[in-house]
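Below is a short briefing on one protein model.

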Amino acid sequence: MGKYDPLRDYLRKLKTDEVELSFAEMERKIGYMLPKSASLPQWWANTTDPAATHVQRKAWGDAGFDAFLIAGADRVRFKRV
């Protein structure tokens with residue numbers, strides 16, 4: 001099981017096309033603290049590069065979502081693609 005699989009599973013079960021989660025809510029779901037780099041927009045960048053090794057991006061991508069950091073709020077908006 002990957003570190004961000006619980007986030008992926010949560011997003012897959014959503015009936016809505018958009019959800020906002022705080023860092024604290026995500027940390028409760030995954031059971032880990034997000035890294036300090038999660039406060040940077042590039043950590044949440046949506047990429048389709050198959051060579052990318054960022055497991056967090058794979059988690060929400062596999063669930064069919066893109067992620068968008070809400071600057072200065074420690075929150076992320078996930079939108080179904």
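This is a predicted model: local features need pLDDT of at least 70, side-chain atom pairs count only at pLDDT 80 or more; totals for chains, interfaces and linings use all residues.

Residues are numbered from 1 along each chain as its sequence is written, and side-chain values use heavy atoms, with hydrogens and water left out.

**E27**

- E27 is found in helix 2; helices here are DSSP runs of H or I with at least four residues, strands are runs of E with at least two, and both are numbered from the N terminus.
- Buried means under 20% relative accessible area, exposed over 50%, and partly exposed in between, with a 1.4 Å probe and protein chains only.
- Leaving aside neighbours within four places in sequence, E27 is in contact (heavy atoms within 4.5 Å) with Y32, M33 and L34.

**Helix 1 and L7**

- L7 is found in helix 1, which spans residues 5–13.
- With 3% relative accessibility, L7 counts as buried.
- Not counting residues up to four places away in sequence, L7 touches L21, M26, I30 and F78.
- The C-alpha atoms of L7 and A24 are separated by 12 Å, and these residues are 17 apart along the chain.
- The buried residues of helix 1 include D5, L7, R8 and L11. They cover an arc of only 160° around the axis, which puts them on the same side of helix 1; the arc is that of the directions from the helix axis to the C-beta atoms.
- The cover over the buried residues of helix 1 includes strand 1 (18–22), helix 2 (23–30), helix 3 (55–62), strand 2 (65–70) and strand 3 (75–80).

- Three strands form an open sheet in the order 1-3-2, with antiparallel pairing; two strands pair if DSSP finds at least two bridges between them.
- Strand 1 and strand 2 are the edge strands, each pairing on one side only.
- Five bridges join strand 1 to strand 3, and the bridge partner of L21 in strand 3 is V76.
- Helix 2 packs on the sheet and touches strand 1, strand 2 and strand 3. The direction of helix 2 makes about 90° with that of strand 1; axes are lines fitted to C-alpha atoms, for helices over the stretch in contact, and angles run from 0 to 180 degrees between N-to-C directions.
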